[in-house]
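Here are my notes on the model, in numbered points. Have it open in your viewer as you read.

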Amino acid sequence: MSSFVDTHSHGIYAVDDGVQDAEGTLRFLHIAVNHGTRLLFMTPHVLNGGKYHPSKALLKQRMEHIKAMIAEHHLPVEGRRGVEVYLDQAGLELIINKGHLPYQNTRYVLVEFVPPYDQNLILDAMHELRLQNQTMIIAHPERYFTDAKVCVETAKRWVAEGAFLSVNRTSIIGVSKPQAHHNALALLEAGLVHMVASDAHHAPGRREPRLDDVHERLAQWYGASVAEVLCSTNPQRLADNQPLLSVPVSRHPWDKTVRRFRQHQYRKTLQ
(Lines give C-alpha, C1' and ligand atoms only; values in the text may rest on other atoms or scores of the structure.)
Protein backbone atom coordinates (compact mmCIF):
# COMPACT_ATOMS: atom_id res chain seq x y z
CA MET A 1 0.00 0.00 0.00
CA SER A 2 1.21 3.52 -0.79
CA SER A 3 1.58 5.98 2.05
CA PHE A 4 -0.44 9.16 1.98
CA VAL A 5 -0.44 12.74 3.21
CA ASP A 6 -3.92 14.05 3.97
CA THR A 7 -4.05 17.86 3.88
CA HIS A 8 -7.69 18.44 4.86
CA SER A 9 -9.52 16.82 7.76
CA HIS A 10 -11.63 17.70 10.78
CA GLY A 11 -10.23 15.41 13.45
CA ILE A 12 -9.51 17.95 16.21
CA TYR A 13 -12.25 17.15 18.68
CA ALA A 14 -14.98 19.54 19.81
CA VAL A 15 -13.99 22.60 17.78
CA ASP A 16 -16.29 22.39 14.72
CA ASP A 17 -18.71 19.99 12.99
CA GLY A 18 -16.12 17.22 12.80
CA VAL A 19 -15.10 14.82 15.55
CA GLN A 20 -16.77 15.67 18.85
CA ASP A 21 -14.66 13.97 21.54
CA ALA A 22 -11.18 12.62 22.21
CA GLU A 23 -12.33 9.01 21.75
CA GLY A 24 -13.60 9.97 18.30
CA THR A 25 -10.23 11.50 17.45
CA LEU A 26 -8.51 8.26 18.44
CA ARG A 27 -10.83 6.29 16.14
CA PHE A 28 -10.12 8.89 13.45
CA LEU A 29 -6.37 8.32 13.81
CA HIS A 30 -6.70 4.53 13.74
CA ILE A 31 -8.72 4.65 10.51
CA ALA A 32 -6.18 6.98 8.91
CA VAL A 33 -3.32 4.64 9.86
CA ASN A 34 -5.18 1.51 8.75
CA HIS A 35 -5.66 3.02 5.29
CA GLY A 36 -2.07 4.11 4.80
CA THR A 37 -1.97 7.75 5.92
CA ARG A 38 1.37 8.71 7.46
CA LEU A 39 0.85 12.48 7.81
CA LEU A 40 -2.53 13.95 8.72
CA PHE A 41 -3.27 17.67 8.75
CA MET A 42 -6.21 18.60 10.95
CA THR A 43 -7.87 21.72 9.57
CA PRO A 44 -10.92 22.85 11.56
CA HIS A 45 -13.35 25.41 10.18
CA VAL A 46 -12.67 28.99 11.21
CA LEU A 47 -15.60 31.39 10.75
CA ASN A 48 -14.45 34.78 11.98
CA GLY A 49 -17.07 35.80 14.55
CA GLY A 50 -19.23 32.86 13.51
CA LYS A 51 -20.33 29.49 14.83
CA TYR A 52 -16.85 27.95 14.66
CA HIS A 53 -13.99 30.18 15.70
CA PRO A 54 -11.61 28.22 17.95
CA SER A 55 -8.76 30.25 19.38
CA LYS A 56 -5.17 29.57 18.42
CA ALA A 57 -4.51 28.64 22.05
CA LEU A 58 -7.29 26.04 22.06
CA LEU A 59 -6.11 24.51 18.79
CA LYS A 60 -2.56 24.29 20.12
CA GLN A 61 -3.81 22.63 23.31
CA ARG A 62 -5.92 20.11 21.38
CA MET A 63 -3.05 19.25 19.04
CA GLU A 64 -0.71 18.65 21.96
CA HIS A 65 -3.24 16.21 23.38
CA ILE A 66 -3.64 14.50 20.01
CA LYS A 67 0.13 14.13 19.65
CA ALA A 68 0.20 12.59 23.12
CA MET A 69 -2.49 10.10 22.05
CA ILE A 70 -0.47 9.20 18.96
CA ALA A 71 2.58 8.52 21.11
CA GLU A 72 0.65 6.63 23.78
CA HIS A 73 -0.91 4.28 21.24
CA HIS A 74 2.27 3.97 19.13
CA LEU A 75 0.49 5.05 15.97
CA PRO A 76 2.71 5.44 12.87
CA VAL A 77 1.20 8.77 11.85
CA GLU A 78 2.16 12.39 12.34
CA GLY A 79 -0.50 14.95 13.19
CA ARG A 80 -0.12 18.60 12.19
CA ARG A 81 -2.49 21.51 12.49
CA GLY A 82 -3.93 24.03 10.09
CA VAL A 83 -7.32 25.68 9.65
CA GLU A 84 -9.94 26.03 6.92
CA VAL A 85 -10.75 29.72 6.64
CA TYR A 86 -14.35 30.50 5.69
CA LEU A 87 -14.00 33.30 3.15
CA ASP A 88 -16.72 35.86 3.66
CA GLN A 89 -16.00 39.52 4.42
CA ALA A 90 -15.19 38.63 8.02
CA GLY A 91 -12.84 35.91 6.75
CA LEU A 92 -11.03 38.44 4.58
CA GLU A 93 -10.64 40.70 7.61
CA LEU A 94 -9.24 37.74 9.56
CA ILE A 95 -6.60 37.26 6.85
CA ILE A 96 -5.81 40.98 6.67
CA ASN A 97 -5.31 41.05 10.44
CA LYS A 98 -3.20 37.87 10.33
CA GLY A 99 -5.62 36.05 12.58
CA HIS A 100 -5.61 32.89 10.47
CA LEU A 101 -3.23 29.94 10.73
CA PRO A 102 -1.37 28.59 7.70
CA TYR A 103 -0.63 24.89 7.49
CA GLN A 104 1.92 24.20 10.21
CA ASN A 105 5.44 25.34 9.22
CA THR A 106 4.36 26.36 5.72
CA ARG A 107 3.25 29.38 3.74
CA TYR A 108 0.09 27.64 2.48
CA VAL A 109 -3.40 28.54 3.72
CA LEU A 110 -6.55 26.42 3.23
CA VAL A 111 -9.58 28.53 2.27
CA GLU A 112 -13.23 27.60 1.75
CA PHE A 113 -15.42 29.83 -0.40
CA VAL A 114 -18.95 30.95 0.41
CA PRO A 115 -21.82 31.15 -2.10
CA PRO A 116 -22.60 33.38 -3.87
CA TYR A 117 -18.97 33.71 -4.91
CA ASP A 118 -17.73 37.27 -4.90
CA GLN A 119 -14.78 37.15 -7.29
CA ASN A 120 -13.47 40.48 -6.04
CA LEU A 121 -13.49 39.15 -2.47
CA ILE A 122 -11.60 36.03 -3.59
CA LEU A 123 -9.01 38.06 -5.50
CA ASP A 124 -8.62 40.42 -2.54
CA ALA A 125 -7.93 37.45 -0.26
CA MET A 126 -5.34 36.06 -2.69
CA HIS A 127 -3.70 39.49 -2.82
CA GLU A 128 -3.59 39.81 0.97
CA LEU A 129 -2.05 36.37 1.31
CA ARG A 130 0.60 37.23 -1.28
CA LEU A 131 1.48 40.34 0.75
CA GLN A 132 2.09 37.97 3.67
CA ASN A 133 4.17 35.65 1.44
CA GLN A 134 1.45 33.01 1.66
CA THR A 135 -0.42 31.01 -0.96
CA MET A 136 -4.06 29.99 -1.07
CA ILE A 137 -5.12 26.35 -1.25
CA ILE A 138 -8.77 26.31 -2.40
CA ALA A 139 -10.77 23.60 -0.65
CA HIS A 140 -13.18 21.46 -2.71
CA PRO A 141 -13.73 23.81 -5.70
CA GLU A 142 -15.86 21.09 -7.31
CA ARG A 143 -18.63 21.83 -4.79
CA TYR A 144 -19.07 25.46 -5.83
CA PHE A 145 -20.65 25.16 -9.28
CA THR A 146 -23.71 23.72 -11.00
CA ASP A 147 -22.03 23.69 -14.42
CA ALA A 148 -18.73 21.91 -15.12
CA LYS A 149 -17.65 24.33 -17.86
CA VAL A 150 -18.13 27.32 -15.57
CA CYS A 151 -16.28 25.41 -12.85
CA VAL A 152 -13.27 24.81 -15.10
CA GLU A 153 -13.13 28.32 -16.55
CA THR A 154 -13.38 29.93 -13.12
CA ALA A 155 -10.79 27.57 -11.66
CA LYS A 156 -8.40 28.50 -14.47
CA ARG A 157 -8.59 32.13 -13.34
CA TRP A 158 -7.92 31.17 -9.74
CA VAL A 159 -4.90 29.08 -10.69
CA ALA A 160 -3.61 31.87 -12.95
CA GLU A 161 -3.72 34.13 -9.88
CA GLY A 162 -1.44 31.71 -8.04
CA ALA A 163 -3.89 29.54 -6.09
CA PHE A 164 -3.82 25.74 -5.92
CA LEU A 165 -6.81 23.40 -5.88
CA SER A 166 -7.57 20.55 -3.46
CA VAL A 167 -10.40 18.22 -4.49
CA ASN A 168 -12.23 15.94 -2.05
CA ARG A 169 -11.85 12.18 -2.10
CA THR A 170 -15.63 11.68 -1.93
CA SER A 171 -16.18 13.81 -5.03
CA ILE A 172 -13.83 11.70 -7.14
CA ILE A 173 -15.03 8.27 -6.06
CA GLY A 174 -18.64 9.35 -6.55
CA VAL A 175 -20.16 9.14 -3.08
CA SER A 176 -21.00 12.84 -2.89
CA LYS A 177 -23.39 14.84 -5.06
CA PRO A 178 -23.31 13.87 -8.77
CA GLN A 179 -22.49 17.41 -9.88
CA ALA A 180 -19.50 17.53 -7.54
CA HIS A 181 -18.27 14.25 -9.06
CA HIS A 182 -18.74 15.59 -12.60
CA ASN A 183 -16.94 18.84 -11.73
CA ALA A 184 -14.08 16.98 -10.02
CA LEU A 185 -13.42 14.89 -13.14
CA ALA A 186 -13.62 17.99 -15.34
CA LEU A 187 -11.07 19.78 -13.14
CA LEU A 188 -8.79 16.73 -13.15
CA GLU A 189 -8.92 16.39 -16.92
CA ALA A 190 -8.20 20.12 -17.31
CA GLY A 191 -5.01 19.67 -15.27
CA LEU A 192 -6.26 22.02 -12.55
CA VAL A 193 -6.15 19.71 -9.50
CA HIS A 194 -3.00 19.79 -7.39
CA MET A 195 -3.95 17.42 -4.57
CA VAL A 196 -6.70 15.20 -3.24
CA ALA A 197 -7.71 15.22 0.44
CA SER A 198 -10.28 13.41 2.55
CA ASP A 199 -12.03 16.42 4.12
CA ALA A 200 -12.92 13.78 6.71
CA HIS A 201 -15.45 14.71 9.39
CA HIS A 202 -16.25 11.34 10.93
CA ALA A 203 -14.76 7.95 11.69
CA PRO A 204 -16.00 5.55 10.57
CA GLY A 205 -18.39 6.64 7.83
CA ARG A 206 -18.64 8.01 4.32
CA ARG A 207 -16.43 10.98 5.18
CA GLU A 208 -13.66 9.12 6.97
CA PRO A 209 -9.91 9.89 6.86
CA ARG A 210 -8.65 7.70 4.05
CA LEU A 211 -7.08 8.14 0.62
CA ASP A 212 -6.32 4.57 -0.41
CA ASP A 213 -9.58 4.09 -2.30
CA VAL A 214 -9.32 7.34 -4.25
CA HIS A 215 -5.65 6.61 -5.00
CA GLU A 216 -6.69 3.26 -6.46
CA ARG A 217 -9.44 4.89 -8.51
CA LEU A 218 -7.12 7.58 -9.86
CA ALA A 219 -4.50 4.98 -10.77
CA GLN A 220 -7.10 2.98 -12.69
CA TRP A 221 -8.36 6.01 -14.57
CA TYR A 222 -5.27 8.14 -15.13
CA GLY A 223 -2.21 6.08 -14.19
CA ALA A 224 -0.17 5.41 -11.06
CA SER A 225 2.04 8.49 -11.43
CA VAL A 226 -0.96 10.84 -11.40
CA ALA A 227 -2.43 9.11 -8.36
CA GLU A 228 0.89 9.33 -6.52
CA VAL A 229 1.38 13.05 -7.18
CA LEU A 230 -2.17 13.93 -6.12
CA CYS A 231 -2.31 11.78 -2.97
CA SER A 232 1.28 11.76 -1.78
CA THR A 233 3.90 13.81 -3.65
CA ASN A 234 2.18 17.21 -3.78
CA PRO A 235 0.70 16.91 -0.28
CA GLN A 236 4.19 16.11 1.01
CA ARG A 237 5.60 19.08 -0.89
CA LEU A 238 3.00 21.25 0.83
CA ALA A 239 4.06 19.83 4.20
CA ASP A 240 7.69 20.60 3.32
CA ASN A 241 6.76 24.14 2.21
CA GLN A 242 7.90 23.46 -1.35
CA PRO A 243 6.30 24.56 -4.64
CA LEU A 244 3.54 22.24 -5.84
CA LEU A 245 3.71 20.39 -9.13
CA SER A 246 1.23 20.74 -11.95
CA VAL A 247 -0.55 17.49 -12.79
CA PRO A 248 -1.37 17.01 -16.48
CA VAL A 249 -4.03 14.33 -16.88
CA SER A 250 -5.19 12.44 -19.95
CA ARG A 251 -8.93 11.86 -20.17
CA HIS A 252 -9.72 8.29 -19.19
CA PRO A 253 -11.50 6.12 -21.78
CA TRP A 254 -14.49 4.98 -19.72
CA ASP A 255 -17.87 6.23 -20.83
CA LYS A 256 -20.50 7.62 -18.46
CA THR A 257 -22.33 4.29 -18.21
CA VAL A 258 -19.23 2.55 -16.88
CA ARG A 259 -18.58 5.42 -14.46
CA ARG A 260 -22.10 5.18 -13.08
CA PHE A 261 -21.84 1.41 -12.72
CA ARG A 262 -18.55 1.60 -10.79
CA GLN A 263 -19.94 4.37 -8.54
CA HIS A 264 -22.96 2.16 -7.80
CA GLN A 265 -20.71 -0.78 -6.97
CA TYR A 266 -18.63 1.37 -4.62
CA ARG A 267 -21.71 2.68 -2.81
CA LYS A 268 -22.80 -0.93 -2.24
CA THR A 269 -19.53 -1.64 -0.43
CA LEU A 270 -20.34 1.15 2.06
CA GLN A 271 -23.74 -0.25 2.97
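**Notes on the fold**

1. Start with β1 and strand β2 (residues 37-42): they run parallel and are joined by three bridges. Strands here are DSSP E runs of at least two residues, helices are H or I runs of at least four, and both are numbered from the N terminus. Two strands count as paired if DSSP finds at least two bridges between them. Within this pair, F4 sits opposite T37 of β2.

2. A word on provenance: this is a predicted model, with local features needing pLDDT of at least 70 and side-chain atom pairs counting only at pLDDT 80 or more, while totals for chains, interfaces and linings use all residues. Residues are numbered from 1 along each chain as its sequence is written, and side-chain values use heavy atoms, with hydrogens and water left out.

3. The β1-β2 pair belongs to an open sheet of three strands, ordered β1-β2-β4 with parallel pairing. β1 (4-6) and β4 (78-81) are the edge strands, each pairing on one side only. Ignoring direction, neighbouring strands of this sheet are turned by 15° against each other on average. Helix α9 (residues 224-239) packs on the sheet and touches β1, β2 and β4, its direction making about 50° with that of β2. Contact means heavy atoms within 4.5 Å; axes are lines fitted to C-alpha atoms (for helices over the stretch in contact), and angles run from 0 to 180 degrees between N-to-C directions.

4. There is also an open sheet of six strands, in the order β3-β5-β6-β7-β8-β9, again with parallel pairing. β3 and β9 (195-197) are at the edges with a single partner strand each, so one side of each has no neighbour in the sheet.

5. Some pairings in that sheet to click through. Strand β3 (residues 45-46) pairs with strand β5 (residues 84-87) over two bridges, and V46 has V85 as its bridge partner in β5. From β5, four bridges lead on to strand β6 (residues 108-113), where F113 stands opposite L87. Towards the other end, strand β8 (residues 164-168) is joined to β9 by three bridges, with V196 as the partner of V167.

6. How do α3 and α4 pack? The axes of helix α3 (residues 89-96) and helix α4 (residues 119-131) come within 9 Å and cross at roughly 10°. Q89, L92, I95 and I96 of α3 meet L121, D124, A125, E128 and L129 of α4. By class, the contact has six nonpolar, one polar and two charged residues. Ala, Val, Leu, Ile, Met, Phe, Trp, Tyr, Cys and Pro count as nonpolar, Asp, Glu, Lys and Arg as charged, and the others, Gly among them, as polar.

7. Two backbone spots to look at. The peptide bond joining A203 and P204 is cis, with omega about -5°, and P204 is in the loop between β9 and α8 (212-222). H140 has a positive phi, near 35°, without being a glycine; H140 is in the loop between β7 (135-139) and α5 (148-160).
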